[in-house]
Amino acid sequence: MIFERFEEPGLSQYAYAIGCQGAKAVAIIDPMRDIDVYLDFAQRQKVTITHVLETHIHADFASGARELAEKTGAELHLSAYDENEQFEVAFDHTPIRDGDTIDIGGVRLVAMHTPGHTPGSVCFHADQASLLFSGDTLFRHGIGRTDLW
């Protein structure tokens, strides 16, 4: 399994790469605006970015998800739970719902709808490694703010 955490200094924001070395493929979760860090990572690891996932619409940083998906040809997965909400995604993407799975070689990510931080928040669970990508829904000693809308 491939697993890497990317940190944006000063923002307390993390993005992640998770994937399968055998398949030479990774997903990038919650990418920051500067996508070069992910492109460089993929090149160094000799893998392809096949999926880009967002856990929620971010009010505290500019996302690079759309640009990264366009640049790499990766499938962009965003919450399906933004319909009729104050903020609704208006560009092409694959809606993701509770229980949907994304397979990256031998790694399976399972989406879990976790409203609270935002109405459309989703977490991604990687069964093989007991990893949960909570995207500001859960923190080590707390939960994500619910007042950002």
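Which residues of helix α2 (residues 65-72) are buried? Let's take a few close-up views of this predicted model, in which local features need pLDDT of at least 70, side-chain atom pairs count only at pLDDT 80 or more, and totals for chains, interfaces and linings use all residues. Residues are numbered from 1 along each chain as its sequence is written, and side-chain values use heavy atoms, leaving out hydrogens and water.

**View 1. The two faces of helix α2.** A65, L68 and A69 are the buried residues of α2 (buried is under 20% relative accessible area, exposed over 50%, partly exposed in between, with a 1.4 Å probe and protein chains only). Seen down the axis of α2, these residues fall within an arc of 100°, so they line one face of the helix; the arc is that of the directions from the helix axis to the C-beta atoms. The face turned away from the buried side carries exposed E70 and K71. Helices (H or I, at least four residues) and strands (E, at least two) are DSSP runs, numbered from the N terminus.

**View 2. What α2 packs against.** The buried residues of α2 pack against β3 (25-29), α1 (36-45), β4 (48-53) and β5 (75-79), where contact means heavy atoms within 4.5 Å. Just after α2, G73 takes a positive phi of about 80°.

**View 3. The open sheet.** Here 6 strands line up as β1-β2-β3-β4-β5-β6, with mixed pairing (two strands pair if DSSP finds at least two bridges between them). At the edges, β1 (2-8) and β6 (94-96) each pair on one side only. Between β3 and β4 the pairing is parallel, over 5 bridges.
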